[in-house]
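Dear colleague,

I am handing over the structure below, and after it I describe what was found. Please keep it open while you read.

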Amino acid sequence: MVHVAGVDIGAAFSKVVVFDGNKVISYYIAPSSGSYKDTAEKVVAEALAKAGLSAGDIAFTMATGYGAANVATRDGVASNISCQGRGASYLFPSVRTVIDVGGQLTKVLKLDDEGRVRAFLQSERCAAGSGKVLQVIARVLQVDLEEIGALSLKSRKRIDFNTGCAVFAETEAVSRVAEGAVKEDILAGLHRALAAKIQTLVERVRLEPDCALVGGGARDIGLVKSIEEIMGLKLLVPEEPRIVAALGAALIAEEKVASTMKINIG
Amino acid sequence: MADFFAGVDIGSTMTKVAIMDGGIVASVIGPTGPEHRKLANRVMEEALAKAGLSFNEITYVVATGYGRINVPFADKQITEISCHARGIDSLLPAARTVIDIGGQDSKGIKLKDGRVVDFVMNDKCAAGTGRYLEVIAEALGVALDEIGQRSLEAKSEVAISSTCTVFAEQEVVSKLAEGVPVEDLLAGIHKAIATRVYGMVNRLKIEREVAITGGGAKNIGLVKALEAKLGFQVLVPPEPLLTGAIGAALLGRDMVEEAAQSGLSLTRSERRLHEATFFS
C-alpha cells in the first residue's frame with residue numbers, strides 16, 4: 001500500500017490530504033498563519049497523526065497553492081489549477097466545469113474528459129466577488145459565518161443590494177438593519193448578489209455540465225442554492241469542498257509514484 | 001439690483017450650498033447623513049442666514065449631486081458633471097481636465113471651451129474614492145484629515161498589492177502589526193489610490209492644465225501622489241468641496257441671462273422654502 005500526501009498551502013487556509021491509492025485516509029484543514037513554513041509543518045503533522053502514519057510512510061508529497069514552496073517535505077510542486085481539476089474530476093467524473101469560490105477570488109475551470117484543465121478564468125481580487133463579502137456581511141450582521149447560509153434560506157422576502165461593492169454593501173446592510181429589515185432577508189440578498197457575480201464570470205467561459213462548486217464558499221448552502229437558482233442548474237458539491245486541490249495534488253503524486261514504480265519494475 | 005443665485009450640491013457624503021452674485025456671498029458645507037429632504041431645507045436656511053438674505057431674494061436655485069432629487073425648492077436639477085465643469089471653468093479657466101474625488105465616487109472630466117466633451121466615472125467600487133481613504137484611516141487609527149500630511153512624512157514607501165479596499169485594509173493592518181511605520185503605509189496607500197484614479201482618468205487622454213476637485217483635493221498627500229503620477233503640478237481651487245455648488249449656481253445664472261436675452265421666462269419651482277419645510 002503506497003501512501004501519498006497532497007499539501008495545498010493557500011493564502012487563507014492550508015489543507016492536507018493523505019491518500020492510499022484507493023481512498024482518502026485522512027485530511028486536515030487549518031488557517032494559514034503568518035509563517036507558511038510553520039503552518040505547512042503543522043498541517044502535515046496533523047494529517048499524518050490522524051492517518052496513524054509517520055513521515056517515512058509517505059512515498060511522495062506534492063505541494064500546491066500560494067505557499068507551496070514552504071512545504072519542507074515536498075517532493076514536487078503542481079499548479080493549483082491542475083490540482084483543482086484532477087481533484088474535482090476524481091470526485092465527480094462527469095464534471096466539466098468547476099467553480100472555486102475562495103476567500104479572495106473566484107475561479108472557473110473547464111475540464112476535458114480526463115480532468116485536465118482546458119480553460120481557466122479568475123475574478124479580480126475583489127471582496128464582492130469572493131467569499132470575503134460573506135465574511136464582511138456576516139460580521140456586520142453579527143451572525144456566525146457558518147450559519148449565514150442556513151439562515152438565508154429562511155428568508156421570505158429577499159432584500160437585494162443596490163451596490164456591487166463589499167464596502168458599500170456593508171453600509172447598505174447597516175442601513176437595512178436600522179430600517180428594521182430581518183437578517184435572513186438581507187442574507188438572501190447577499191447570497192443572490194454573490195451568485196450573480198459568479199454567474200457573470202462563468203458565462204465568460206460558457207458553462208458545460210456537469211458543474212461542481214468547490215472552495216470555502218461551497219460550504220455555504222445559501223450560496224449553493226442561489227447559484228443553482230440563478231443559473232438554472234444543479235451543482236455537484238463535495239462533502240468537504242476545501243480539500244479538492246489537496247486531493248488533486250495527492251492524485252498527481254500517486255501517478256508519479258506509480259510511473260516510477262513501473263520504470264523500476266521494468 | 002444684484003441677482004442672487006444658489007447652488008445646492010447634495011453628495012453621498014457631504015452637502016454644499018453656495019449663494020452667489022458676482023462672487024460667493026455665502027456657503028455652507030456639512031455632512032449629508034441619511035435624511036436628504038430635511039437636509040436640503042436646513043442647509044439652505046443656514047446659507048441664507050449667513051448671507052443675510054431671504055429665500056425670495058434668490059433668483060434661481062439649481063440642485064446637483066447624488067441627492068439632487070431631494071431638493072424640493074430647486075428650480076432645476078443638473079448633473080454633477082456639468083456643474084463641476086462650470087465651476088472649474090469659472091475658478092480655474094486654464095483647466096482642460098478635471099479630476100473629482102468624492103466620498104463614494106471619482107470622476108474624470110474633459111473640457112473644451114468650458115464645455116464637457118468627455119467624462120469617465122467610478123461609482124461602483126470603493127477603491128479610488130474617499131471611502132478607500134476613510135477605511136484605511138480608521139484601520140490605522142489616524143484622523144482622516146491628517147492622513148495626507150502624515151503620508152508625506154514617509155521614510156520609505158510600501159507597495160500595496162491589493163486594489164480592493166477590503167484587502168488593502170487587511171494588508172495595512174497586517175503590515176502595521178509587523179512594525180511598518182504608519183507614515184510609510186499611508187504613502188503606499190496614497191500612491192495606490194492615485195494610481196487607480198489616474199488609470200481611470202487616463203482613458204480620457206489627459207490634457208493640461210489638470211484641476212483636482214472634491215473632498216480628495218483637500219488631501220495634500222493625494223494631490224502630491226497624483227502629481228507624481230502625472231509628472232506635473234495640478235491646480236486646486238481654494239475650496240474644492242464647493243466646486244459643484246458654485247457651478248450649479250453659475251449655471252442657474254447662465255440660464256436666467258439666456259432667458260432674459262431671448263425674451264423667454266424660466267419656469268421656477270412652485271414650492272417655496274417655507275412650504276417645503278412644512279412637508280418635511
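Please bear in mind that this is a predicted model. A place to begin is A:Gly52, which comes just after helix 1 of chain A and takes a positive phi of about 70 degrees.

Helix 1 of chain A itself covers residues 36–51, and its 16 residues should span 22 Å at 1.5 Å a residue, which agrees with the 22 Å between its end C-alpha atoms. Which of the residues in helix 1 of chain A are buried? They are A:Tyr36, A:Thr39, A:Ala40, A:Val43, A:Val44, A:Ala47, A:Leu48 and A:Ala51. An α-helix has 3.6 residues a turn, so residues three or four places apart point the same way. The buried residues of helix 1 pack against strand 1 (3–9), strand 2 (13–19) and strand 3 (24–31) of chain A, while the face turned away from the buried side carries the exposed residues A:Asp38 and A:Ala49.

In chain B, helix 5 (residues 165–177) and helix 6 (residues 182–201) pack with their axes 10 Å apart and at an angle of about 160 degrees. Angles over 145 degrees count as roughly antiparallel, and the two helices of chain B are therefore roughly antiparallel to each other. Helix 5 of chain B passes helix 6 of chain B in a right-handed crossing, where B:Ala168, B:Val172, B:Lys175 and B:Leu176 of helix 5 meet B:Val182, B:Leu185, B:Ile189 and B:Ala192 of helix 6.

Methods: Residues are numbered from 1 along each chain as its sequence is written. Chains are lettered from A and ligands numbered from 1 in the order in which they are written. This is a predicted model: local features need pLDDT of at least 70, side-chain atom pairs count only at pLDDT 80 or more; totals for chains, interfaces and linings use all residues. Helices (H or I, at least four residues) and strands (E, at least two) are DSSP runs, numbered from the N terminus. The expected span of a helix is 1.5 Å times one less than its number of residues. A residue is buried if 20 or more other C-beta atoms lie within 10 Å of its own, exposed if 12 or fewer, and partly exposed in between; C-beta atoms are placed from the backbone. Two residues are in contact if their C-beta atoms, placed from the backbone, lie within 7 Å. Axes are lines fitted to C-alpha atoms, for helices over the stretch in contact, and angles run from 0 to 180 degrees between N-to-C directions. Angles under 35 degrees count as roughly parallel, over 145 as roughly antiparallel, 65 to 115 as roughly perpendicular and the rest as oblique. A crossing is left-handed if the near helix is turned anticlockwise from the far one by less than a right angle, and right-handed if clockwise.
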